[in-house]
Amino acid sequence: MSKSINKHSIPIHQDNQPDHEPSGLSDIDLMHHSKEAFSKMLDTLELLPYRNVNASVSATQRALQVAQQSGDDALIIRTRLIQADIMARQGKVAEAGRIIRQANEWAETHQHNHLLARSHRLLASFFRRLGDNESALQHAVISSQLLPDDAIPPLRADHLMMLALTLDEVGAYDDSTKHFDEVLNIAKATDDTLLSLFALNNMAYTRFEMGDGEAAYHLANELRDIAARTNMQLSASHLDTIASIEILLGHPEKAEATLVPMLRDPLSRKLGDLNVLPECLLTTAEAQRLQGKLKQAQKTLNEARHMCREQGLTGLMVRVRLQQSEMYAAAGDYRRAYEEHKLYHQENEAKRSAEREARARILQMTFDAEEARKDSEYFKEMALRDPLTGLHNRRFMDPYLDDLLAQSLINGQPVTAVLIDLDHFKEINDTLSHQVGDTVLVNVAKIMSMTAPPSSALARIGGEEFLAVFKDTDAECGMVHATRLCQAISSADWSPITGKMTVTASLGVGTTTGGNLNRMELIAIADRHLYEAKRTGRNRVIGYCNTTNTLE
């Protein structure tokens, strides 16, 4: 796929929900509610911003007045956290971060488990908005662990959803799916259709990210079935997910049919869809281009460009540039495609730089100057590391490999990439436990660090999948390095950890010389060789020229 779709898992507004406040919240009285009754109202209000931020604003303002009249610090802070959630969804991230951080400190001091759980949950959202997925995951894990056992099911689902999202975004897809399943079970048990749609949409998107089109399409069909049974209209974000899956499966005509009615009929749109329309236009343009409908695709892309400019969506404008490059290439205008692609890379780098600066400003506004400096350095480093193994992650490896291949284009030196995937890892998790599985991953990372040359770059890029990149390394030498890694993993004494179960890995090797391949093409070659290693028996290395090293 030529693009990465932003996941719309936490909608700002859903028009199939009422704009008025849910039953009970409209009856907030400043004088006549006990603390227990008011606390129950907050149970509902805590979850309202997730479903309908507009309806939650006035209710939260009145609730804050009630809390302040009560003089109960815990109720005041709990209501302020709801207010911070709303502020963050409205784009006031730094102001929200300060409130959440202060609430977290109070809850820590007073050992208030509910507020600790909620503040960590909102800190996970805070760091997720900053693009710091590893820190978001840490807070999401804590929030789920601290949530009291008697928490109402929708609140537990909210915490599990954030945990699933953050696991997904660091590449832990299996664990992510497990928690999405838990959310879906809660949704079914409580007959919560919206929650079911949110969970299924994210599960489908996760499978889409994994390249598992069939599983993603099955989940997309569940989305459609639920919407049909309950007479609910799917949102633009749901339709965009479905269309992207249809493109992945090689059905661009179906993708266009999925999105065009909503795009062309303003009356069918919901208010919350407006934020997603540029995404849908980009997906539609891609579907049309893949069908060879270049004039229609260009018109749709122009609409997306206009909407992005009007709304100041600089991040999406970068993707418009990439789509335009592919459009020129499809029309056979390779010179303009090349020029557009260069502009795409320039604007993408400028976007990343602007995001880094914005993140630093928000941290500085959220924390004091000295803390911001320390946290910014810490988070910058942690954002590039896998929290479990300590190896680099995909966020580090993608730009690193891009830069390495750009250098290769200049100096003509070869670059080798090796994908390492543990064999039968699911069996270890299922038979021995996920904790044992995590221990295996940590030790594999240590083995790789000790075995690979010092100049190599190592990363964990998925659940049990790793990537090793060797610069100035040709195919033959790359096979040697890969074989050593394979041997080191299989020959280690795993018995204290896994008992009689062995731990082996399959490796696929890809090499490019002179920068004749880009990152995606190089990884695709290594991935094909990895698949061949799995298919032909595992515990082996496969690279160029059908060279195979088998370890028995």
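Which exposed residues sit on the face of H19 turned away from its buried side? They are Leu409 and Ile410. Keep in mind that this is a predicted model.

**Helix H19: length and ends**

- H19 covers residues 394–411, which makes 18 residues.
- At 1.5 Å a residue the helix should span 26 Å, and its end C-alpha atoms are 25 Å apart, so the two figures agree.
- Over at the start of H19, asparagine 393 has a side-chain oxygen within 3.1 Å of the backbone nitrogen of arginine 395.
- After the helix comes glycine 412, and its phi is positive, near 75 degrees.

- On the buried list for H19 you'll find Phe396, Met397, Leu401, Leu404, Leu405 and Ser408.
- Look down the axis and those buried residues fall within an arc of 145 degrees, so they line one face of the helix.
- The cover over them includes four strands you can pick out by number: E1 (414–422), E2 (457–460), E3 (465–471) and E4 (505–513).
- Helix H24 (519–535) is also part of what covers the buried residues of H19.
- Leu409 and Ile410, the exposed residues from the opening question, are carried by the face turned away from that buried side.

**Aromatic pairs**

- A pair of aromatic rings is described by the distance of the centres and the angle of the planes.
- The count for this model comes to 3 aromatic pairs.
- One of them joins tyrosine 205 and phenylalanine 208: it's tilted, with 5.6 Å centre to centre and 50 degrees between the planes.
- Both residues belong to helix H10 (residues 193–210), where being 3 residues apart separates them by about one helical turn.
- Tyrosine 205 is buried, at a relative accessible area of 3%, and phenylalanine 208 is buried too, at 8%.
- Then there's phenylalanine 396 with tyrosine 400: their ring centres are 5.4 Å apart and the planes sit at 20 degrees, so this pair is stacked, given that planes under 30 degrees apart count as such.
- Buried means under 20% relative accessible area, so phenylalanine 396 counts as buried at 19%, whereas tyrosine 400, at 21%, counts as partly exposed.

How values were computed
Residues are numbered from 1 along each chain as its sequence is written. This is a predicted model: local features need pLDDT of at least 70, side-chain atom pairs count only at pLDDT 80 or more; totals for chains, interfaces and linings use all residues. Side-chain values use heavy atoms; hydrogens and water are left out. Helices (H or I, at least four residues) and strands (E, at least two) are DSSP runs, numbered from the N terminus. The expected span of a helix is 1.5 Å times one less than its number of residues. Buried means under 20% relative accessible area, exposed over 50%, partly exposed in between (1.4 Å probe, protein chains only). The arc is that of the directions from the helix axis to the C-beta atoms. Contact means heavy atoms within 4.5 Å. A polar contact is a pair of N or O atoms within 3.5 Å; within protein, one must be able to donate a hydrogen and the other to accept it, and residues adjacent in sequence count only if both atoms are side-chain atoms. Rings of Phe, Tyr and Trp (its six-membered ring) pair if their centres lie within 6.5 Å; planes under 30 degrees apart count as stacked, over 60 as edge-to-face and the rest as tilted.
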